[in-house]
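Please give a short report on this structure.

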Amino acid sequence: MNTPICEFLENYVQKGATRLHMPGHKGIGETEKYDLTEIDGADSLYEASGIIAQSEKNAGGLFGAHTFYSAEGSSLAIRAMLYLATLHAASRGEKARVLAGRNAHKTFVSAVALLGTEVEWLTGGGSYLSCRVTAETVREYFENAQSLPTAVYLTSPDYLGNMADIAGVARVCRENGVLLLVDNAHGAYLKFLPESMHPIDLGAHMCCDSAHKTLPALTGCAYLHVAKDAPQMLSENAKNALALFGSTSPSYLLLASLDAANKYLAENYREKLAAFVGRLELLKKELRAHGYAFSGNEPLKLTFNTKAYGYLGAEMAEYLTGQNFVPEFYDPDFLVLMFTPEISEGEMARLRKVLLALPKRTEIFVFPPRLSLPERAMHPREAVLSACEKLPVEKCVGKTLAAVTVGCPPAVPIAVSGEVIDESTVKCFKYYGISHCNVVKE
Ligand SMILES: Cc1ncc(COP(=O)(O)O)c(C=O)c1O
């Protein structure tokens, strides 16, 4: 597979030209020398017709979709997807309404606020990071709704490694002429498993993948994929949708990283991935037999239910960090480790040893507070655009949340802008270490 962006940058560096163009570092530095702007021949991300278009075509060939680069993460692709759903609704003379799994990333909420999209939530038990949505849940909602939504929006895999039944939900959506959008930020690699579990192959109309989360790509690299059989207006407007929210100076380092990832994926990645997933599955089995308990079914994550082994998430994280293994995420109940085939056999063997050496303690029976869906006082847009004040959470009962209160990771809101904070929300905020909220000023 060719890498037209990387080749262009290398040739430009070799020429040693005096750079009378942006960026201001003028190419001085080992990383900086590859950092360009839209000079002649370098193409332009949102009007691509040259090397970027060729590279995106390569990516599209690998993913079997209309694929568009984002140099601003899945966050940009999520805003673009919602805008495209809005355009789709407008083309039918409707206002966009989205039925979304409640464990949506905060970017979804900010997109809803920016676009004024109507949103209804699907809830599904478990941690606020998960939301068990099944084909049946969606079918039931459709049967009882006065009108069908423009789109269903699911986050799968979620932060804890749970994967939704995308194929089943896609079938229901397609039968009813509703779009299925998937936040697949954690699942770019799913395409390359022996049997693809990528949302586009399972019937989603659009999805975002953060290349940087699971593929060897720089932070910020992501894709917006539009299924080949999705309404044509979605792919036709995808570039404009990304441009609406994106910077006019997308990083060429990130574009080159996406370009290089194509070559990596086209070579022996599938074989490496299959072998690694097998090794990880064996490790999980052995750890389970040793007493560990896990959540989620995503093949490249280990999500420990730490309390079942007698530890808080923070305690297990501290132990692992002390042994030079840095986890992706932990909260009081879970610890998440993210793997890729770049983790060596030696590192895997050491991790196994370290985990088996941790003594099992008595199970901790303290559960997270139950979170009921807060009442909605206003649309997220109105809340986000209102005058607000920051208050300690104890003083927020009865007040309307303005800015989404959430740390990153996991960046999944416990309450959404426009919702009324009640006692149960405050309990949850405290449990997850959130001490202050931005609320609408009264
Ligand atoms: C589920 C989920 N969706 C979307 C995003 C945003 O992705 P990005 O960081 O690529 O903008 C994240 C980031 O952590 C995420 O966890």
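Predicted model: local features only at pLDDT ≥ 70, side-chain atom pairs only at ≥ 80, totals over all residues.

Residues are numbered from 1 along each chain as its sequence is written, and side-chain values use heavy atoms, with hydrogens and water left out.

**The ligand site**

Around the ligand there are 13 residues. Ser75, Asp183, His186, His212 and Lys213 come nearest. A residue counts as near if one of its heavy atoms lies within 4 Å of the molecule. The table gives polar contacts, pairs of N or O atoms within 3.5 Å.

| Side chain | Ligand atom | Distance |
|---|---|---|
| Ser75 | oxygen | 2.6 Å |
| Asp183 | nitrogen | 2.5 Å |
| His212 | oxygen | 2.8 Å |

On its own, the ligand has 390 Å² of accessible area (Shrake-Rupley method, 1.4 Å probe). The protein covers 89% of that area.

**Helix H12**

Helix H12 spans residues 313-322. Helices are DSSP runs of H or I with at least four residues, strands are runs of E with at least two, and both are numbered from the N terminus. Gly313, Met316, Ala317 and Leu320 are the buried residues of H12. Seen down the helix axis, they fall within an arc of 100 degrees, so they line one face of H12. The arc uses the directions from the axis to the C-beta atoms. Glu318 and Gly322, on the other side, are exposed. Buried means under 20% relative accessible area and exposed over 50%, with partly exposed in between (1.4 Å probe, protein chains only).

The cover over the buried residues includes strands S9 (301-305), S10 (329-330) and S11 (334-338), and helix H13 (345-357). Contact here means heavy atoms within 4.5 Å. After H12 comes Asn324, with a positive phi near 70 degrees.

Definitions and conventions:
Polar contact = N/O pair within 3.5 Å; in protein donor to acceptor, adjacent residues only side chain to side chain.
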